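Welcome, and thanks for taking a look. Here is a short briefing to read alongside the model.

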Amino acid sequence: MASIYDFLTPKAEGAARPLSEALAALESASMRADSDAGDMAATGRILSAAWDRQTSRMVEEHGARARDAGDAVKDLGRAFGDEMRAGTLDQSWRAYLRDAQERTVLTLDTLRRRGDIFLEHEAAGCPPVLIYDYEVIVDGRDLLHPSNYMLLRILPPDGVTIDETKQPFMIIDPRAGHGPGIGGFKIDSQVGVALRGGHPVYFVAFRSMPEPGQYISHVTRAEATFVREIQRRHPGAPNPVVTGNCQGGWATLLLAATNPDITGPIVINGAPVAPWAGKVGENPMRYNAGVLGGTWLASLSADLGGGIFDGAALVQNFEMLNPSRTLYRKYTDLYHDVDDGADRFLDFERWWGGYFLMNEPEIRWITEQLFIGNRLVKNEARLEPGRPVDIKNIRAPIIVFASHGDNITPPQQALNWIAETYADAEEIRVRGQRIVYMVHEQVGHLGIFVSSSVARKEHSEMATTLDTIASLPPGLYEMKIERFEGDVEHRSFVVSLAERSLDDIRALDDGVEDERPFAAVARMSEMQSQAYDLFLRPWVQAAVTPAMAQLGRTLHPNRVQRAAFATKNPVMAPVEAAAERVRDNRQPATKANPFVAAEHVWVEAMTQAIDLWRDQRDLAYELTFHSLWGTPWARFFGRNHEMRRTLKDHSELRTLPEVSAALARMSEGGFAEAVVRILVLLADNRGGVRRTRLERSNQVLQSDEPFASLTAVRRTEIIHEQSLISTYEPEMAIVTLADLLRSRQDRVLAMDVAQYIAGSIDEMTPATRDLFDRLREALDLPPMQGDIHVDPLAASDPAPRSNGAATSIITAEAPK
């Protein structure tokens with residue numbers, strides 16, 4: 001330690017240098033100022049981009065709509081002029097006036113029926129809105145960790161035969177305010193697709209009221225019990241496919257990550273796994289927590305409900321995303337088409353108006369761990385104390401469905417977790433994982449689960465491609481439906497699987513700079529929540545009685561607007577009889593009636609006005625969010641919450657135990673290992689894989705011995721091991737093939753199998769043909785002589801040709 005005399009002798013060893021240190025401090029402050037200026041510049045760019053994109057879109061869209069409205073008004077003027085010249089305007093007015101009055105009565109009667117359905121549905125406990133019959137297999141209330149979840153077995157309708165040995169399907173619907181059943185809401189649905197394929201179908205449903213003391217971990221435990229029960233009922237079938245819709249998607253990830261040994265492929269539809277992600281100027285819902293408040297608001301709402309969070313609040317939030325649709329057009333469309341659209345309206349409203357509840361710890365876990373904290377993506381999530389959740393633990397293939405038209409879960413939120421979890425596509429391969437994603441161009445959030453066209457196309461293809469997906473070499477793939485063949489009822493689709501990199505995922509986004517402010521929001525939310533727990537929560541909980549909590553739920557606007565129109569309301573008593581009289585004497589106006597056209601013009605104008613207000617609100621939210629949380633102070637405040645998952649580099653991946661073990665066994669194995677290795681090497685040359693080749697591979701390598709006797713687990717192990725060898729030592733993988741295929745007969749047969757699956761020589765790329773030549777040269781075989789059109793294994797001796805095991809794999813297709 002320096003003494004006082006050292007200060008008087010600046011050149012002495014260890015002496016303080018006040019001037020130089022002051023200069024260093026000034027330099028450090030200057031560097032911090034430069035950094036802050038950089039942060040401000042980044043925020044400025046984000047604000048500018050948000051303003052430019054949103055205002056440009058508003059000008060373009062509303063300008064086009066305004067021009068269309070102007071054209072409609074001109075057409076309307078001409079129609080009125082024609083009516084006046086023909087002297088029929090008065091007649092058209094009387095016809096429209098009667099039609100409008102009749103439609104008003106019928107619309108009121110439909111709302112009355114909706115109110116009655118709502119009260120009956122709530123009194124019955126809001127049962128699933130499935131169109132299919134079902135039976136309860138497991139009731140979560142009877143489990144060690146009770147929950148309100150239950151496993152249903154879907155009973156096949158007449159004419160549908162179920163093969164109990166086929167892979168079962170288990171569908172998990174979202175618990176996000178609404179009740180279960182949307183995945184089986186129609187004949188053309190996820191349930192319907194699986195049933196038509198002959199698969200046993202199970203449905204995860206839940207009651208409206210959670211069990212006392214229920215946590216998210218109880219739900220995950222219950223779902224794991226359901227999967228094991230399905231396995232017990234179908235011992236000869238592969239592990240069940242688990243499909244999760246929306247919030248059920250991240251629940252499916254929790255299930256598969258904490259129970260990696262029990263599920264088959266998992267399908268994630270429109271699931272918000274990376275909630276911070278999105279494009280500037282396009283995805284406003286993610287800003288709500290930063291503008292309206294954090295986790296403490298959900299806790300306050302639950303405390304006002306006596307420890308129960310009301311799902312009607314979530315539904316109300318969804319409705320405000322697109323108010324012109326949910327609060328206006330839904331009713332004007334009903335009014336316009338009440339003769340034919342009433343039943344369709346009521347069917348949907350039965351589900352939309354069934355509100356489900358959560359315990360306070362459940363909604364708190366969802367907001368803290370997922371939507372505000374983003375902890376699942378950052379590998380910081382805990383299902384319960386001492387039980388972390390790591391998505392990398394999932395071993396089953398993962399299929400992700402997203403859509404550019406989804407304003408609740410945009411593709412970035414559905415897919416960015418992949419790029420946040422793995423260093424690159426190579427790590428996905430090294431870990432033996434298969435991830436397949438599909439991005440629809442326009443379908444909305446609910447359309448992913450409800451749309452009949454999506455069910456007939458995307459979900460049908462996913463279901464029929466699952467067998468081949470399970471046999472893909474590990475990696476990241478995009479599934480594309482290229483074209484269709486046949487009529488609507490007997491339509492088939494040409495599907496390809498293209499190998500992708502993480503850059504393809506990132507290309508769907510506009511970078512992560514706009515996500516940095518969310519870290520400050522997450523930290524502030526934690527502090528607000530702690531302050532609420534300390535200062536306000538004891539008073540709120542002490543003041544709220546069970547009766548007050550129930551009254552608060554009953555008086556929620558979404559419930560009141562339905563119950564108010566029910567038959568129990570004396571004002572609505574005459575409506576039913578009046579509607580019957582109208583139906584008996586209905587006289588609708590013709591579509592050519594100019595007053596009907598004027599009504600449509602008015603409705604469109606009001607819709608545009610509401611949409612314009614919504615767009616301006618979204619712009620204000622986005623600008624407010626980045627102005628508050630994009631400042632240098634806010635970024636400094638949230639810096640510790642910006643930390644992302646630490647990813648391994650290439651050298652670290654090579655030192656993983658599974659890689660070392662695979663390379664050590666490079667020369668071990670036999671016929672099966674050799675065939676798999678050859679096909680994996682060929683697959684590295686592909687630009688895409690059509691499902692026809694996938695199906696041919698599965699048919700050959702799963703039906704013929706020695707491959708047919710393999711279990712699914714063993715098949716996966718061999719594919720993984722040979723993929724590692726081919727990835728890290730591709731040259732030695734070719735050289736050591738001769739050690740696996742010792743006889744010429746086996747070598748000829750192995751290459752014939754690979755060529756048969758690969759297809760015509762003319763369809764191969766030059767790189768693929770060159771690789772075939774190298775492989776044949778390494779095995780001391782002559783070059784390919786011609787195409788092979790007959791399954792070599794089916795025509796050969798079915799006995800195993802070596803002591804190696806067998807498996808299934810996919811070969812390469814040349815880029816087109």
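Which residues of the largest nonpolar core touch the most other members? Among its 66 residues they are Leu 151, Met 170, Leu 415, Trp 417 and Ile 418. This is a predicted model, where local features need pLDDT of at least 70 and side-chain atom pairs count only at pLDDT 80 or more, while totals for chains, interfaces and linings use all residues. Residues are numbered from 1 along each chain as its sequence is written, and side-chain values use heavy atoms, with hydrogens and water left out.

**Nonpolar cores**
- A nonpolar core here is a set of buried Ala, Val, Leu, Ile, Met, Phe, Trp, Tyr and Cys residues joined through side-chain atoms within 4.5 Å; buried means under 20% relative accessible area, exposed over 50%, and partly exposed in between (1.4 Å probe, protein chains only).
- Leu 415 touches Val 400, Tyr 437, Val 439, Ile 505 and Leu 508, not counting residues up to four places away in sequence (contact means heavy atoms within 4.5 Å).
- There is also a second, separate core of 43 residues, with Leu 653, Leu 682, Ala 758 and Met 784 included.

**Helix 6**
- Helix 6 covers residues 247–258; helices (H or I, at least four residues) are DSSP runs numbered from the N terminus.
- Its 12 residues reach 17 Å from first C-alpha to last, close to the 16 Å expected at 1.5 Å a residue (the expected span is 1.5 Å times one less than the number of residues).
- Because 12 of the 12 residues of helix 6 are buried, the helix is largely enclosed by the rest of the structure.

**Asn 558**
- Asn 558 sits in helix 20 (residues 557–563) and is buried, at 2% relative accessibility.
- Its side chain makes a polar contact of 3.4 Å with that of Glu 319 (a pair of N or O atoms within 3.5 Å, one able to donate a hydrogen and the other to accept it; residues adjacent in sequence count only if both atoms are side-chain atoms).

**Aromatic pairs**
- The whole structure holds 18 aromatic pairs, meaning Phe, Tyr or Trp rings (the six-membered one for Trp) with centres within 6.5 Å; planes under 30 degrees apart are stacked, over 60 edge-to-face, and the rest tilted.
- Trp 296 and Tyr 532 have ring centres 6.0 Å apart and planes at 45°, so the pair is tilted.
- Trp 296 is in helix 8 and Tyr 532 in helix 18, so the pair ties together parts 236 residues apart in sequence.
- Trp 296 is partly exposed at 24%, whereas Tyr 532 is buried at 2%.

Terms used. Helix = DSSP H or I, 4+ residues; strand = E, 2+ residues; numbered from the N terminus.
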